[in-house]
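Here are my notes on the model, point by point. Have it open next to you as you read.

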Amino acid sequence: MRRFLHESALSIAFGVLFVGALAGQAFAGWQQFNAQQVADGLGEVTLGRYLTSADFAVDVAENWQSEWLQFSLFILMTVWLVQKGSPESKELDRAGAESMKDQKIGRYARRDSPAWAKTGDWRTTVFSNSLILVMGTLFLASWLIQSIAGWAAFNQDRLQQQQDPIGWGSYLVNADFWARTLQNWQSEFLAVGTMVVFSVYLRQRGSPESKPVGEPHTNTGVEG
Amino acid sequence: VAGMRVMFLVYLLGIAAGLAYMFVVAVRHV
């Protein structure tokens, strides 16, 4: 058990942070929702009712989709695009999908390589892109859920104001959907860009996200 | 090795459960 906690400390720590933050969001979101209910002259709802509301679902989903979009783009764009000096980038002359040998695929696979790296057929193609396939699917699924939950929440507000509900297609071109979407995307793109650029000149001793402290600024693709 | 598999499945199944929950909640309110 101690060995498990040590060997998985990073994923456990982020899992605990996630659950704590989500619980905090649920509680604060419930308080905020009820404050609005009172302001609108409506009754307060229980926490259970809030957690099964479209308002809670859309708030969670809109943040989830943007995180997976961020990593999907980061994974894909770093295959072809480089940044001189950044540990997040490959060396400048390695842009692209790289050779079978470099990637240890097919007959270049090692004895302890994953089974699907060795076959050299469609399984290798699938496994070669499995990270972007899963992250991309999670992005699309959570963005779809955001659109449905956001649509339901939007129509509930309209009904309370004696306005006709709109269709899902209309919601997809509505400012509410795009304001929720883009306010999340802009911060993700800024954060990734910041990481790529700042890691050229700044260091964190001991972090694999940084170059070694004494590594020259001009060296690319070196992780500490 | 078993620990790595456990964390992989915890994340993957946890996310799938979260997405399924939000999907059901969303569709119920449509």
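1. A:Q162 is exposed, at a relative accessible area of 73%. For that word and its relatives I use these cut-offs: buried is under 20% relative accessible area, exposed is over 50%, and partly exposed is in between, with a 1.4 Å probe and protein chains only. A:Q162 sits in the loop between α7 and α8 (168-172) of chain A. Its phi is near 55°, a positive value in a residue other than glycine. Helices here are DSSP runs of H or I with at least four residues, strands are runs of E with at least two, and both are numbered from the N terminus.

2. A note on the ground rules: this is a predicted model, so to speak with care, local features need pLDDT of at least 70 and side-chain atom pairs count only at pLDDT 80 or more, while totals for chains, interfaces and linings use all residues. Residues are numbered from 1 along each chain as its sequence is written, chains are lettered from A and ligands numbered from 1 in the order in which they are written, and side-chain values use heavy atoms, with hydrogens and water left out.3. A:K104 also has a positive phi, of about 55°, although it is not a glycine. A:K104 belongs to the loop between α4 and α5 (115-118) of chain A. With a relative accessible area of 39%, A:K104 counts as partly exposed.

3. Now the salt bridges, meaning a side-chain nitrogen of Lys or Arg within 4 Å of a carboxyl oxygen of Asp or Glu. A:E98 takes part in one with A:K90 (2.9 Å, N to O) and in another with A:R94 (2.8 Å, N to O). How exposed are the partners? A:E98 is partly exposed at 26% relative accessibility, and A:R94 is partly exposed at 33%. A:K90, by contrast, is buried, with a relative accessible area of 19%.

4. Two further spots to look at while you have the charges displayed. A:R123 pairs with A:D121, with 2.9 Å between the closest N and O atoms. A:R123 is partly exposed at 28% relative accessibility, and A:D121 is partly exposed with a relative accessible area of 27%. Elsewhere, A:D59, A:E62, A:D176 and A:R180 are linked in a network of salt bridges.

5. Next, the second largest pocket. The search runs on a 1 Å grid over the protein atoms alone: a pocket is an open set of points with protein on both sides within 12 Å along at least five of seven lines, whereas a cavity is a set where a 1.4 Å probe fits but cannot get out, and lining residues have an atom within 4 Å of a point. The volume of this pocket is about 580 Å³; grid points are joined across faces, edges and corners, and a volume is the space filled by probe spheres set on the points.

6. Which residues lie nearest the centre of the second largest pocket? They are A:F33, A:Q37, A:D55, A:Q156 and A:D157, out of 24 lining residues. Two or more lining residues come from each of α2 (9-39), α3 (47-51), α4 (54-80), α7 (130-160) and α9 (175-201) of chain A, and from α1 (2-29) of chain B. α7(A) gives the most, with six residues. By class, the lining has six nonpolar, ten polar and eight charged residues. Here Ala, Val, Leu, Ile, Met, Phe, Trp, Tyr, Cys and Pro count as nonpolar, Asp, Glu, Lys and Arg as charged, and the others, Gly among them, as polar.

7. Chain B has one helix and zero strands. Its C-alpha trace spans about 45 × 5 × 5 Å along the principal axes. Of its 30 residues, 27% are buried. Chain B exposes about 2100 Å², with carbon and sulfur atoms supplying 81% of it; accessible areas come from the Shrake-Rupley method with a 1.4 Å probe, and for residues only the protein chains shown count as cover.

8. There is also a nonpolar patch on the surface, formed by A:L10, A:F14, A:L17, B:V6, B:V10 and B:Y11, with about 610 Å² of accessible area together. Patches are made of residues with over 30% relative accessible area and no salt bridge, with like charges joined within 9 Å and nonpolar side chains (Val, Leu, Ile, Met, Phe, Trp, Tyr) within 5 Å. α2 of chain A and α1 of chain B each supply at least two residues of the nonpolar patch. B:V6, in helix α1 of chain B, is partly exposed at 41% relative accessibility.

9. Last, A:V192 in helix α9 of chain A. Buried or exposed? A:V192 is buried, with a relative accessible area of 16%. A:V192 and A:F74 are 118 residues apart in sequence, yet 7.6 Å apart in space, C-alpha to C-alpha.
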